[in-house]
Amino acid sequence: MAQKVYPDPQGRGRKTYRDYSRETCSCVREFYRLHHRHQTFEFVLQKQKEWLPPRRRKMTVMEALDFLNTLVDDSDPDIELDQLQHLLQTSEAIRQAGHEDWFVLTGLLHDLGKVLCLFGEPQWAVVGDTHPVGCAFNDRIVYAEFFEANKDKRNPRFNTETGIYEAGCGLRRVHLSWGHDEYLFQILKDQLPEPALYMIRYHSFYAWHREGQYDFLCDDHDREMLPWVRRFNAYDLYSKNSNPPDWRRLQKYYRALVADHLPERLIF
Ligand SMILES: [Fe+2]
Ligand SMILES: [Fe+2]
């Protein structure tokens with residue numbers, strides 16, 4: 001896997017996160033060119049079949065964190081830290097804000113699905129923003145121009161606003177582009193409170209939680225959960241900086257937190 005180094009994010013204001021316009025992001029552009037071309041409806045169904053239900057490997061959370069720690073996310077313009085540091089910065093920011101245990105734990109876990117990369121999947125099939133497939137691509141999706149190369153763009157079935165879905169059907173019935181969100185949701189779906197599961201399942205669905213699009217696919221439960229996803233996103237995004245949290249000092253707390261909420265091993 002290519003290890004990418006991004007510009008130093010230290011000292012930047014909030015507004016400069018997720019800035020895809022800077023020239024320095026050519027690797028991010030290339031990432032989305034591939035992502036939007038290859039994430040078709042057919043591809044998503046094929047990946048669901050391949051990876052769900054999760055059955056590859058049993059790991060403790062600590063083993064999964066160790067495993068993930070060799071990965072740098074190509075789709076992320078904001079960070080040069082490894083994944084463990086990003087997870088810890090997110091969970092520590094949530095903890096320092098005084099939120100409940102399950103919320104802190106969600107911060108620690110939310111990107112664990114990226115182990116898919118280490119199982120040999122290309123990054124464009126694991127990370128990056130997610131979007132619904134099976135209906136028209138919304139132009140508020142990042143780098144939407146790259147959908148021109150997606151074969152679904154020329155399929156009339158998929159090119160009305162609701163496409164193959166019924167209006168108001170609820171996001172649980174909608175296929176999103178395949179990636180770490182859905183995969184980890186499926187691993188943890190019986191283990192965490194509902195708001196935590198929404199944070200995990202939809203944290204990369206920026207067109208929904210950030211851009212306010214796709215409300216026509218939502219039901220009232222999705223709308224009720226949306227503020228939780230937004231609350232989580234603030235920590236996912238704005239806790240990023242170049243000061244690595246001290247894992248040796250923190251691990252005792254996190255081991256206990258994990259043991260309190262999850263079975264010893266999870267099936268990935
Ligand atoms: Fe993520
Ligand atoms: Fe994240």
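This report describes the fold content, helix packing and selected backbone features of a predicted protein model.

## Overall composition

The secondary structure of the protein consists of 11 helices and two strands. Read from the N terminus, the elements follow the order α-α-β-α-α-α-α-α-α-α-α-α-β.

The protein has 268 residues, of which 42% are buried. Among contacts between residues at least 6 apart in sequence, 78% join residues at least 24 apart.

Helix α2 spans residues 41–51, and its buried residues are Phe41, Val44, Lys47 and Trp51. Viewed down the axis of α2, these buried residues fall within an arc of 125°, so they line one face of the helix.

The face of α2 turned away from the buried side carries the exposed residues Glu42, Gln46, Lys49 and Glu50. The packing partner of the buried residues of α2 is α7, residues 180–188.

## Packing of α7 with α8

Besides receiving the buried residues of α2, α7 packs with helix α8, which covers residues 194–202. The angle between α7 and α8 is about 150°, and their axes are 7 Å apart. Because angles over 145 degrees count as roughly antiparallel, α7 is roughly antiparallel to α8.

On the α7 side, the contact involves Asp181, Glu182, Leu184, Phe185 and Leu188; on the α8 side, it involves Leu197, Ile200, Arg201 and Tyr202. By class, the residues of this contact comprise six nonpolar, no polar and three charged.

## Packing of α4 with α5

A further helix pair is formed by α4 (residues 83–96) and α5 (residues 101–109), which pack at an angle of about 165° with their axes 7 Å apart. This angle makes α4 roughly antiparallel to α5. The crossing of the two helices is right-handed.

Helix α4 contributes Leu87, Thr90, Ser91, Ile94 and Arg95 to the contact, while α5 contributes Phe103, Val104, Gly107 and Leu108. The contact of α4 with α5 contains five nonpolar, three polar and one charged residues.

Leucine 52 and proline 53 are joined by a cis peptide bond, with omega at about -5°. Proline 53 belongs to the loop between α2 and β1, the latter formed by residues 58–59.

## Positive phi at two tyrosines

Tyrosine 143 is not a glycine, yet its phi is positive, at about 55°. This residue is located in the loop between α6 (115–118) and α7. Tyrosine 143 has 16 other C-beta atoms within 10 Å and is partly exposed.

Tyrosine 214 also has a positive phi, near 70°, and is likewise a residue other than glycine. Tyrosine 214 occurs in the loop between α9 (206–209) and α10 (220–238). With 24 C-beta neighbours inside 10 Å, tyrosine 214 counts as buried, because the cut-off for a buried residue is 20 or more other C-beta atoms within 10 Å.

Methods:
Residues numbered from 1 in each chain as written. Chains lettered and ligands numbered in written order. Predicted model: local features only at pLDDT ≥ 70, side-chain atom pairs only at ≥ 80, totals over all residues. Buried ≥ 20, exposed ≤ 12 C-beta atoms within 10 Å, placed from the backbone. Helix = DSSP H or I, 4+ residues; strand = E, 2+ residues; numbered from the N terminus. Arc of directions from axis to C-beta. Contact = placed C-beta atoms within 7 Å. Axes fitted to C-alpha atoms, helices over the stretch in contact; angles between N-to-C directions. Parallel < 35°, antiparallel > 145°, perpendicular 65-115°, else oblique. Nonpolar A, V, L, I, M, F, W, Y, C, P; charged D, E, K, R; others polar. Left-handed = near helix turned anticlockwise from the far one by under 90°.
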